[in-house]
Amino acid sequence: MNRSQLGVGEAVMSVEDRTKTPWLPPRWFIRLAWRVHRGVYRGFGGRIGLWRPRGNKWGALRLTTTGRRTGRQRGVIVGYFEDGPNLVTLAMNGWGEGEPAWWLNLQARPEATVDLGNGRRLVRGRAATGDERSRLWARWREIDTNLDAYAALRPSETAVVVLEPRPGGPDMTPDS
């Protein structure tokens, strides 16, 4: 069977690929890299650190949620791709255990904002389910061929998070 005969949700993976554990840097290094990324973003006033997805590459956006316990605004930079008007990311926590705090916050309070390279959007976050999740996971798999192997490192399923334009809010507000 060749790739064109496969359905959207099916993976092309040999037995060797399925048993091979992907290499990840140590957890401290992953956390440090994201801290440095946030520092660069802040240090340059948001002019550097965010980019749009291009071709078969993901982009980076800044997601601001409201803390589920504190009520304070919490910002995080995540990878994403566009699916029509929606933005799609993964709640992966650096492929470690547990859910990322931003995803827990978004589940408690779905209204959020995203900063993109060209402005801000008001969004509502939700988990993709069923056929939509399969379709979006397959798209991520095109971007990152190791996606299934990385996801297998987590004890629970990785949520595919859809950030939809918030009804009643402007789709995009220009940067100040």
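How many bridges join β1 to strand β4, and in which direction do the two strands run? In this predicted model, 3 bridges join β1 to β4 (residues 111–116), and the pair is antiparallel. Within β4, Thr 113 is the bridge partner of Thr 64.

On β1 there is also a pairing with strand β2 (residues 73–83). Here 8 bridges join the two strands, again antiparallel. Val 76 of β2 is the bridge partner of Leu 63. Leu 61 stands opposite Val 78 of β2. The two strands form a hairpin, with 6 residues between them. In the turn, Gly 71 has a positive phi of about 80°.

Strand β1 (residues 59–66) is mostly covered, with 8 of its 8 residues buried. In a regular strand, side chains alternate between the two faces of the sheet. Gly 59, Leu 61, Leu 63 and Thr 65 point one way from β1. Ala 60, Arg 62, Thr 64 and Thr 66 point the other way. Both sets are buried.

Leaving aside neighbours within four places in sequence, Leu 163 is in contact with Leu 63, Asn 86, Leu 87, Leu 106, Val 114, Val 123, Arg 124 and Gly 125.

Helix α3 has four named residues that are buried: Trp 102, Trp 103, Asn 105 and Leu 106. Seen down the axis of α3, these residues fall within an arc of 160°, so they line one face of the helix. Their cover includes β1, β2, β3, β4, β5 (119–127) and β6. Ala 108 also lies in α3, which spans residues 101–108. Ala 108 counts as partly exposed because its relative accessibility is 48%. The C-alpha atoms of Ala 108 and Arg 69 are separated by 9.4 Å, although the residues are 39 apart along the chain.

A search of the whole structure finds 3 aromatic pairs. One of them, Trp 51 with Trp 58, is tilted, at 5.7 Å centre to centre and 35° between the planes. Trp 51 is partly exposed because its relative accessibility is 36%. Trp 58 is likewise partly exposed, with a relative accessible area of 35%.

Phe 81 and Trp 140 form an edge-to-face pair. Their centres are 5.2 Å apart, with 75° between the planes. This pair links distant parts of the chain, with Phe 81 in β2 and Trp 140 in helix α4 (residues 130–143), 59 residues apart. Phe 81 counts as buried because its relative accessibility is 3%. Trp 140 is buried too, with a relative accessible area of 6%.

Key: Residues numbered from 1 in each chain as written. Predicted model: local features only at pLDDT ≥ 70, side-chain atom pairs only at ≥ 80, totals over all residues. Heavy atoms only, no water. Buried < 20%, exposed > 50% of the residue type's maximum accessible area, 1.4 Å probe, protein only. Pairing = 2+ DSSP bridges. Contact = heavy atoms within 4.5 Å. Arc of directions from axis to C-beta. Phe/Tyr/Trp six-rings, centres within 6.5 Å; stacked < 30°, edge-to-face > 60°.
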